[in-house]
Amino acid sequence: MTTDDQGRGADQGGGGDTPATDAKERLEANLTRIEELTQRLVGAMGQGRQVRPALQGPSHDLYMKAAGAYWSEMMRDPAKLMEHQLGYWGKTLKHYVEAQQQAMQGAASENEAPKDRRFANPLWDTHPWFAYIKQQYLTNAEAVQRAIDSIEGLEPREKKRLDYFAGQIVDMFSPTNFLATNPDALQKALETEGQSLIDGLENLVRDLEANGGDLVVTLADGDAFRVGENLATTPGEVVFRNHLFELIQYTPTTEDVHETPIVLFPPWINKYYILDLKPQNSLIRHVVEQGHTLFVVSWINPDASYAEIGMTDYVEDGFIQAIETAKEICGVKKVNAVGYCIAGTTLAITLSVLKARKDKSVNSATFFTTLTDFSDQGEVGVFLDDDFVDGIEAEARAAGVLDKFYMSRTFSFLRARDLIYQPAIRSYMMGEAPPAFDLLYWNGDGTNLPARMAVEYLRGLCQEDRFARDGFTVAGHTARIGEVTVPVFAVGCESDHIAAWDSSWRGIDQMGAKDKTFVLSGSGHIAGIVNPPAKKKYGYWTNGADAKSPEDWRAGATKHEGSWWPAWMDWLKPRAGEMVPARQPGSKAHPALGPAPGRYVTGGRLAAE
């Protein structure tokens with residue numbers, strides 16, 4: 001029956017559907033759907049992994065020390081406690097009285113509190129109930145912060161951790177995180193007659209089922225992207241493969257290329273295509289277009305069979321093997337090497353090993369957001385005390401790998417508002433589908449870490465800072481930071497929450513190279529590196545003078561508009577040799593094994609050919 005037929009039947013009393021009938025049918029369908037989703041929800045939640053207590057949060061000792069220090073301080077200065085309590089209760093009472101008056105008037109008064117993106121909905125300022133909830137939350141948050149700031153007698157590291165974890169608790173209890181106190185979610189539920197809540201429940205169940213009972217918010221539409229189709233599309237060939245990596249050589253786009261090739265090592269914590277998301281922001285494509293023969297390592301995503309793979313394996317079978325292969329294919333004696341994040345750390349260690357072997361295969365080294373001095377671990381340092389690392393080690397040893405779940409969760413909590421709470425609100429309360437965002441898709445496409453390597457890295461480098469102190473033993477050599485003597489170009493990122501730029505600067509400063517250039521890019525760990533010239537989005541700073549500290553360096557630095565990519569290309573050009581006819585990927589000894597992006601980046605495993 002057509003719509004017109006239905007209308008005519010109703011007009012003629014023929015028993016056609018009415019709005020009441022439609023509403024009843026929708027209600028019944030939704031109740032059936034809710035029942036089905038609830039059953040799936042219970043089943044999915046029962047499958048969640050048993051997280052070790054040490055991975056749940058900081059040790060009980062930290063809070064006990066903080067409480068002891070707080071009360072000890074208050075016993076010495078009781079007036080301080082009185083001031084805190086009276087100030088808090090005074091604000092709370094005043095706020096309550098104002099809220100009562102506003103409720104009777106039917107509108108809230110203007111609020112001069114600093115703007116917070118979580119409270120962008122106008123109702124937070126105009127509706128008496130929501131205005132009261134918001135202001136009381138902010139008052140509570142201020143009281144918690146003031147109490148922490150007043151604590152004395154804690155080590156600076158303990159104070160920093162306490163401040164961080166207290167902030168996490170405060171953020172968790174934001175009224176925006178709860179349906180009853182989120183006006184955006186409530187408004188949408190009314191507008192959609194509750195459909196947004198059912199869609200949100202659907203999204204919640206989907207995420208739990210997709211992650212074996214672990215709650216991991218889907219950040220991007222998984223159906224919108226395909227690696228090799230609309231991501232990682234720069235033409236090239238896999239020219240070497242072993243148990244750790246595939247080596248991709250990219251197809252030239254210029255008639256001539258520089259004689260000295262570039263070998264780029266991305267971090268194996270993530271997949272390499274962050275540097276080749278799409279043509280307009282691809283660093284890989286840009287380097288090729290500038291006339292360089294470029295090799296990029298694509299690391300395998302390890303499983304439990306890789307449990308005993310350690311830093312020595314990554315140095316010998318990863319870095320040195322990739323460098324030797326690139327030299328053989330191009331018929332040269334040297335390469336220019338690039339390391340990003342943990343791969344930059346390992347590149348520096350590899351350079352120390354090569355120097356001890358009198359191997360001059362690396363002509364220059366470029367480091368992207370790299371830590372080699374871990375004396376100041378930055379924001380991520382809150383997760384590097386024994387109370388966490390002990391649990392990580394136990395988990396990795398038991399599973400054979402440090403599952404990507406733990407790395408992803410750790411980095412997400414460093415930016416919890418943006419990577420946990422806001423996506424959860426949009427998905428579970430608002431019922432929205434995840435966006436088609438390539439960067440977030442990559443962020444969710446994580447990798448595992450071999451157990452032995454993860455422990456060696458966390459203990460020997462992050463915790464004990466051996467490379468910058470008394471040496472880090474790897475590949476039969478005690479590697480030291482001062483043994484990095486090749487020309488160095490390093491990029492730090494201004495708001496990097498993983499590898500703080502000043503810590504990166506301190507590591508570069510300790511290297512033995514006489515030729516060193518440090519550049520500070522705007523933005524963070526990813527956006528500061530993936531910053532193409534065409535966007536002109538973030539600037540960068542340079543300083544050619546000697547500096548005694550990162551603060552001195554920054555004070556004397558010059559700001560430049562646009563991307564640092566051209567500055568890097570200018571630095572690399574005189575170190576890249578004469579121009580020679582462009583090389584097609586592979587050689588007789590190393591024939592092409594298949595097109596880029598290869599098999600490892602999509603999870604495939606294949607024995608070395």
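Let's begin with strand 5 (residues 294–299), which is mostly covered, as six of its six residues are buried. Here, buried means under 20% relative accessible area, exposed means over 50%, and partly exposed lies in between (1.4 Å probe, protein chains only). The model is predicted: local features need pLDDT of at least 70 and side-chain atom pairs count only at pLDDT 80 or more, while totals for chains, interfaces and linings use all residues. Residues are numbered from 1 along each chain as its sequence is written, and side-chain values use heavy atoms, with hydrogens and water left out.

Both faces of strand 5 are covered: Leu294, Val296 and Ser298 are buried on one side, and Phe295, Val297 and Trp299 on the other. Strands (E, at least two residues) and helices (H or I, at least four) are DSSP runs, numbered from the N terminus.

Elsewhere, strand 6 (residues 335–340) runs parallel to strand 7 (residues 362–368). The table lists the bridges, and one facing pair of residues for each pairing.

| Strands | Bridges | Facing residues |
|---|---|---|
| 6 and 7 | six bridges | Gly339 and Phe367 |

These strands belong to an open sheet of 11 strands, with mixed pairing and the order 15-14-13-12-7-6-4-5-2-1-17. Strand 15 (558–560) and strand 17 (594–595) stand at its edges with a single partner strand each, so one side of each has no neighbour in the sheet.

Now for the aromatic rings. The structure holds 27 aromatic pairs. Rings of Phe, Tyr and Trp (its six-membered ring) pair if their centres lie within 6.5 Å; planes under 30 degrees apart count as stacked, over 60 as edge-to-face and the rest as tilted. Tyr164 and Phe165 make an edge-to-face pair, with 5.0 Å centre to centre and 80 degrees between the planes. Tyr164 counts as buried because its relative accessibility is 15%, and Phe165 is buried because its value is 7%.

Finally, Phe173 lies in the loop between helix 7 (156–172) and helix 8 (183–191). Why does Phe173 count as exposed? Because its relative accessibility is 51%.

Note on methods
Two strands pair if DSSP finds at least two bridges between them.
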